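Dear colleague,

I am passing on a structure that I would like you to look over when you have a moment. Please open it alongside this message, as my notes are meant to be read next to it.

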Amino acid sequence: MFQKWSITALATFAVLYGLVVLWFVPTQLTLPLGALLVNNDRSPSPGVEISDVRSLKGCLGPTPGVGDHIISAAGRPIRNFTDWSELHYQLRNWKIDPAAQIEAGQDPSEKNPATQLPVVQKPDQTRYVQVWFLRPGEQIPHVSWIQLVEQPTFGVSITLLWFVLQLCVVAVVGVAYWNRPFDQPLRTFFALSSVTMIAFVGGSHWWIVASCPQLILPFVISSIMLPAVLLHFFVVYPYPSPVYQWSRSLSLAVIYIPAALAATVVGSLILLASFLSSDSGPGPFAMTLDRLAGEFVCRLLPLLRQVVFCIFAMALLYFGASLLVIYRSMRGARNPLERNQVRSIFLAAIFATIPIGYTIYLAFADRVGFALGSARLPMFLASLGFMLAYAIGIARYKLMLIDQVVTRGVWYYSASAGLAVIFASLIAVGAMNAMTQDLSLFGRSVPLILVLVTSVLVLIWGRDAIQRVLDRHFFSEKYQLDKALQRMNRVISNVVEPEAISDSLLNSCQEVLHVDQAALYLRKKNGFEFRMSTAAGRARFPLQIVLDPDAFELLSEESVVQRFMHGHAAAQSLLRQLHAEVVHGLEMQGHLSGLLVLGPKPNHSPFSAEDLAFASALARTTAVALHCATVQQDVARLNQDLQLKIDKIDDQQRQLAALHNELSTLSKLPGTTPSNDEFHRGEIKGHSPAITHVLGTIRKVAGSTSSVLIRGESGTGKELLAKAIHENSTRSHKPLISVHCAALSPTLLESELFGHVKGAFTDARQDKIGRFQMADGGTLFLDEIGDISLDVQVKLLRVLQERMFEPVGSGTPVAVDVRIVAATHRNLEQLIAEGLFREDLFYRLNVISVTLPPLRERREDIYELTLHLLRRSSEKCGKNVLRIDDTALKALQDYHWPGNIRELQNVIERAVVMAEEETMRLADLPVEIRHPQLSVSQPMPSDNLRPAIYEMPGARSTQIALRRKTISAGSDEKAMLESALASCQGNKAEAARLLGIPRSTFFSKLKKHGLG
């Protein structure tokens, strides 16, 4: 959003800058003596060298020529070009003293009191400025009175014409960009158009705007940045180049940093020169300061010219790179459409090389003409070529602005606005000519013409706004009809539910036709019965309509019937039965499928032909929308059925895969024997995406010696994963030693980890080898690492850092080579924040982090895990329960498993014990599995049923409330017993188990309350 508003602000500034320059230049009177930034000759003569006198008209006194040096003008010393520019800005706001008024035929060079002033004015507003100059080789200055002149008409005309064309481009591209802010080439082109406008308008009259730092600086910055923005546009158009896609930041830096540095240098030099050329005030010290500053500026301007030449060369390099990039884009176009997009711009670039080459020729062969506007027309032609190419290649092909943004309404508004501009321009020009009797279109009257054009446009737009208000007041029905049609169009385009379409139809009829009652009936199958779908207002229509064959045939042929005193008998009978005024048939696929029934208007006025036409239009539109909605519902239903079948097939495939794995394990087939290079899963079961991702990570890290931190909720199989890491590592031939850190006190844990020597403490009767030394060369698994004390953490950190430790009570270090695999269910980051876990130890352990997903996030593995646990539990219990019922499997998959795989293992073992057949059934599962609503955290039906809440520690610190119902004496005991029996569908054994009491006690309580 910031980028969008920034580029829009740049475009707005470009337009305002162009308007200000077009106001500033025609209204600026100048001395018709051309001067360059630095004198061409090498003579030590002071002042500014005159380079051009072609615009010199009126000169009273000696006529200055090319090569002369201006040393003073209007009483101001002229030491350098900056002083010359500042003089023109002062002449713009020069106030004529009454004593400086001279007669029409009077020569200001004659001695008289008026000519003692540096600027005089004649009655026709013509002003003359006193200029002192030196001729080459002379020491005595000459004085002459030179007339101030307006800017040439041709130059201002070219600039104004180009500004109008470029303004259209910026406006169209701006509208497109606001509709498509995600389009990167469009965004860059919008910025390019804005920068081009500033550079061209300011560059066409740079020697005029040079007198105003606020106008020269935007031109300088834009003209230097323009080649970079052009190259950036060609790099991303019509699609980003491979280098740009590889490193966007580096590409932008290469493109923009040289231009930005150059713009900074030139801007700084200009500001410095302008500051040093400012007037320091009266007095000898100020005059000395001004003289020294002027001498410094004279040395500074040659440096500025050299920098400008370097920037000119850099711009040529940018342009050459732009040609290469756009040629690459044309050759590498992915389809003919893209090739057409780029070809027009490439041809424009080739065409632009001709005027640009001519401009380069002027820069070396005719520097004066190049600097004073001779390059304006060639650059206008080059820019015009690009402008036309952009109009074709961008608007027509790439952005499709003609079809998407510039709609018929926009074309109509643009044509109307164009006519209004022409009308206002004619009025303004005529008014100016009438006042000034001047036929010039682009003289000093241009700014006033622009003001009058703006005023007339405001009046015309105000008239149009008032006209629209009147139209809405006197033709409100037309706007209501348009509103209703737009609403129906939105409903149809969204293809919503049939009920929404019906409501939109009836609401539109009520708003536009002003009916109190409206209803929509839809046909049932292929009979003559129609059932009400939707009603609006105070509708009292019947819920069902049965048409006789005559009325059905009439509505099928004529579509609409209206209530009249004398009409078709069947139709009028139907209208009287319904108490309706109009019935309109809805036709779908060539058959009458619905009825639109409209009640009377409030004043019982008849329905006009326009009302019926509107109802017909809405009815036809609604019929199409209802048909589309019905088709969409059918397709959605088929998609849903298909998805269910696909899901069922996926479940069956997973079950088959699980069965295949179990059969392979049981049969010990040779083909299933893993090779030395194969990954050993151990007892880890499952092929869900979650566990597959974890095993993929283990496959990568098992071969390294880096520490591994296993995180996950309790019961997820962290120890099995540690075994898998060890078995797949190069240390598999060495021992895997496990330590449960939470089961030991800090003192015992230290002794257990590092060992102790005899006499280290009271019960240390002999030396003991610690787990670190036992795991030397192998792997040490530290379970529940988050529960160890800070003292042990310090010693453990030392072992990890130095691979050495000292047994308790011993000062002899022991070196070990151990790989650490740690596991925890706690949030170590939170423990670090609370100061309970060392941050440096965390970083030592967390080299590779693996998070085991909880069972609820890998429900696809429940079937395979169940089969594996069934086999193990059956072997343990001496039973042959190897199958599971579908309903039991569904209950297992729907349960939330707060205890994860450990809880599943206990549930399966209990079910095997309880099973009386070879198949585990739903009745063999605990009640919290069969009835999940009794095991989640919910309010119990009685105060006597109290939940015992256990905190199950996990990665998310989830609070799981396990319901265990107990009995307390009271008046609600009978109600509690009845509730338990109802929950277990009369099964007394299950009810006793649900309440957590022996069956004998449960039976005695039933007998006590007469429930036996």
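Below are my notes on the chain as a whole, then on its sheet, its aromatic pairs and a few single residues.

This is a predicted model, in which local features need pLDDT of at least 70 and side-chain atom pairs count only at pLDDT 80 or more, whereas totals for chains, interfaces and linings use all residues. Residues are numbered from 1 along each chain as its sequence is written, and side-chain values use heavy atoms, with hydrogens and water left out.

The chain as a whole

The protein chain has 34 helices and 27 strands, where helices (H or I, at least four residues) and strands (E, at least two) are DSSP runs numbered from the N terminus. Of the 1012 residues in the protein chain, 46% are buried; buried means under 20% relative accessible area, exposed means over 50%, and partly exposed lies in between, with a 1.4 Å probe and protein chains only. Among contacts in the protein chain with a separation of 6 or more, 66% are between residues 24 or more positions apart, a contact being heavy atoms within 4.5 Å.

The sheet

An open sheet of 5 strands runs in the order β16-β19-β22-β15-β23, with parallel pairing, and two strands pair if DSSP finds at least two bridges between them. Strands β16 (736-740) and β23 (848-851) stand at the edges with a single partner strand each, so one side of each is left without a neighbour in the sheet. From one strand to the next the twist averages 20 degrees; axes here are lines fitted to C-alpha atoms, for helices over the stretch in contact, and angles run from 0 to 180 degrees between N-to-C directions. Helix α21 (residues 689-701) packs on the sheet, where it touches β22 and β23, and its direction makes about 155 degrees with that of β23.

Strands β16 and β19 run parallel and are joined by 5 bridges, with V739 standing opposite L782 in β19. Strand β19 (residues 779-783) is in turn joined by 4 bridges to β22 (residues 819-824), again in parallel, and the bridge partner of L782 in β22 is A822.

Aromatic rings

Rings of Phe, Tyr and Trp (its six-membered ring) are taken to pair if their centres lie within 6.5 Å, and planes under 30 degrees apart count as stacked, over 60 as edge-to-face and the rest as tilted. By this rule the count comes to 12 aromatic pairs. In one of them, the rings of F530 and F552 have centres 6.4 Å apart and planes at 40 degrees, so the pair is tilted. This pair links distant parts of the chain, 22 residues apart, with F530 in strand β10 (residues 529-537) and F552 in helix α18 (residues 549-558). Both F530 and F552 are buried. Elsewhere, ring pairs link F189, F233 and F234 into a cluster.

Helices and single residues

Helix α4 (residues 184-203) has 20 residues and reaches 28 Å from its first C-alpha to its last, close to the 28 Å expected at 1.5 Å a residue, the expected span being 1.5 Å times one less than the number of residues. The helix is mostly covered, as 19 of the 20 residues of α4 are buried.

K4, in helix α1 (residues 2-24), is buried, with a relative accessible area of 13%. Leaving aside neighbours within four places in sequence, K4 is in contact with Y177, W178 and P181. By contrast, G105 counts as exposed at 79% relative accessibility, and its place is in the loop between α2 (81-92) and β6 (119-121).

Two backbone angles may deserve a look when you inspect the model. Most residues other than glycine have a negative phi. A74, in the loop between β4 (69-73) and β5 (76-77), has a positive phi near 55 degrees and is buried at 0% relative accessibility. N900, which lies in helix α30 (residues 900-914), has a positive phi near 60 degrees and is likewise buried, with a relative accessible area of 0%.

With best wishes
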